Amino acid sequence: MTSAILPQPQPGIMDITPYAGGESKILGVDRVIKLSSNEGALGASPRAREALVLAAAEAHRYPDGNCTALRTAIGETQGLDPARIVCGAGSDELIGLLCRAYAGLGDTIVQTAYGFLMYAIYAKSCGVEAILAPEKDKTADVDAILAVVRPNTRLVFLANPNNPTGTCISHDDVIRLREGLRDDIILVLDAAYAEFVSRNDYDPGAALVDSHPNTIMLRTFSKIHGLGGARLGWAYGPAHIIDVLNRVRSPFNVSASAQAAGEAAIRDQAFVDLCRSHNAHWLGWTQAKARDLGLKVTDSVCNFVLITFDAEGPRTAAAADAFLRSRGVIARRVAGYGLPDSIRLSIGRDDEMELAMATLTEFMETAGAS
Ligand SMILES: *Cc1c(COP(=O)(O)O)cnc(C)c1O
């Protein structure tokens with residue numbers, strides 16, 4: 001009972017800085033505008049909401065452990081083979097499973113410098129080191145990625161487009177990346193924001209998955225489908241990798257309500273189109289407004305904008321964030337991504353964007369003025 005030796009976690013785990021999700025509350029502010037988590041401006045499709053209500057009546061039943069109807073719906077709407085799809089409790093879960101199944105103590109994964117934080121977090125949880133490849137203009141750089149790969153690298157994670165920068169690379173560059181990697185390295189193409197991208201040189205990666213036995217694509221229902229609260233994502237990959245993921249996942253990893261909502265959401269392409277055009281309009285509007293204010297804006301193809309402020313003086317990211325919060329607008333600081341001078345602002349509803357940018361305008365006009 002008096003032993004001073006405590007149970008110790010596995011190597012790497014105490015190196016993890018827990019992921020902090022976007023905040024949703026401000027003390028003393030009744031009406032907040034939450035633009036901190038890229039959640040989808042218009043919420044979930046009315047059909048998905050209806051499916052969630054109907055699912056309540058069956059809440060006592062275990063879900064279909066194979067997500068059969070959902071995978072069929074994904075396959076039909078995306079033109080993919082449902083047998084090579086596996087669903088997860090968010091694509092986060094699938095990132096974790098890939099790390100656990102394919103990397104271990106002493107191995108490495110590679111991601112880009114401002115790449116999504118969850119890759120490194122899951123890697124560390126398996127005793128795996130995450131190597132960061134430098135970016136060029138806050139954009140993934142294929143040569144830099146290839147240059148940092150080591151003999152013990154097992155996976156390369158590319159968020160394309162990337163969060164929190166909002167940038168993407170062309171399909172040709174992704175092909176060049178794949179061709180430059182050893183065949184025993186899995187390339188994970190995380191296309192969480194694929195539905196928002198309108199650039200004609202972009203491809204989420206399904207064709208590359210089909211032509212390569214070592215490439216997998218991740219997708220999520222948390223962004224354009226507005227189902228972040230349901231926790232639902234999916235992977236499309238070669239049969240042997242899908243088989244591995246099916247062995248390591250929990251038998252009922254996706255709830256019945258998430259499956260029902262996801263199936264309804266992905267079949268409601270009219271709603272997806274509505275979200276896409278809403279986003280295109282307000283993304284352009286927000287970027288132009290921020291630039292008019294003299295702010296540096298990284299060109300985004302996603303449903304958020306990365307805005308960069310002065311490193312010092314009255315107009316820093318911290319000051320802007322504090323001002324926005326004082327008016328109930330919650331943006332996202334991204335210092336944890338190595339971007340201390342930037343904030344990420346998600347695209348919300350019409351009224352939310354107008355208020356958020358009016359507040360930012362007021363900040364720029366008043367900061368530093370005495
Ligand atoms: C939001 C996001 C995800 C997915 O999140 P889940 O909610 O776990 O599906 C994955 N990758 C990136 C880059 C993201 O921004």
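Mentor: A cavity here is a set of points, on a 1 Å grid over the protein atoms alone, where a 1.4 Å probe fits but cannot get out, and its lining residues have an atom within 4 Å of a point; its volume is the space filled by probe spheres set on the points, which are joined across faces, edges and corners. This is a predicted model, in which local features need pLDDT of at least 70 and side-chain atom pairs count only at pLDDT 80 or more, while totals for chains, interfaces and linings use all residues. Residues are numbered from 1 along each chain as its sequence is written, and side-chain values use heavy atoms, with hydrogens and water left out.

Searching the whole structure gives two cavities of 30 Å³ or more. The second largest cavity holds about 30 Å³ of space, and its lining is made up of T112, E135, K138, T139, A140, L158, A159, N162, T165 and T167. Sorted by class, that lining has three nonpolar, five polar and two charged residues (Ala, Val, Leu, Ile, Met, Phe, Trp, Tyr, Cys and Pro count as nonpolar, Asp, Glu, Lys and Arg as charged, and the others, Gly among them, as polar). The largest cavity, with a volume of about 70 Å³, is lined by G40, A41, L42, F196, I224, C275, H278, N279, N303 and I347; six of these lining residues are nonpolar and four are polar, with no charged residue among them.

Around the ligand stand G90, S91, D92, F116, N163, D190, A192, Y193, T220, S222, K223 and R231, each with a heavy atom within 4 Å of the ligand. This shell divides into three nonpolar, five polar and four charged residues, and its largest share, three residues, comes from helix 3 (residues 90–102), where a helix is a DSSP run of H or I with at least four residues, numbered from the N terminus. Several polar contacts (pairs of N or O atoms within 3.5 Å) reach oxygen atoms of the ligand: a polar backbone atom of S91 is 2.7 Å from one, a backbone N or O atom of D92 lies 3.0 Å from one, and a polar side-chain atom of Y193 lies 2.7 Å from one. Of the 380 Å² of accessible area that the ligand has on its own, the protein covers 94%, with areas taken from the Shrake-Rupley method and a 1.4 Å probe.

Methods: A polar contact is a pair of N or O atoms within 3.5 Å; within protein, one must be able to donate a hydrogen and the other to accept it, and residues adjacent in sequence count only if both atoms are side-chain atoms. Helices (H or I, at least four residues) and strands (E, at least two) are DSSP runs, numbered from the N terminus. On a 1 Å grid over the protein atoms alone, a cavity is a set of points where a 1.4 Å probe fits but cannot get out, and a pocket is an open set with protein on both sides within 12 Å along at least five of seven lines; lining residues have an atom within 4 Å of a point.
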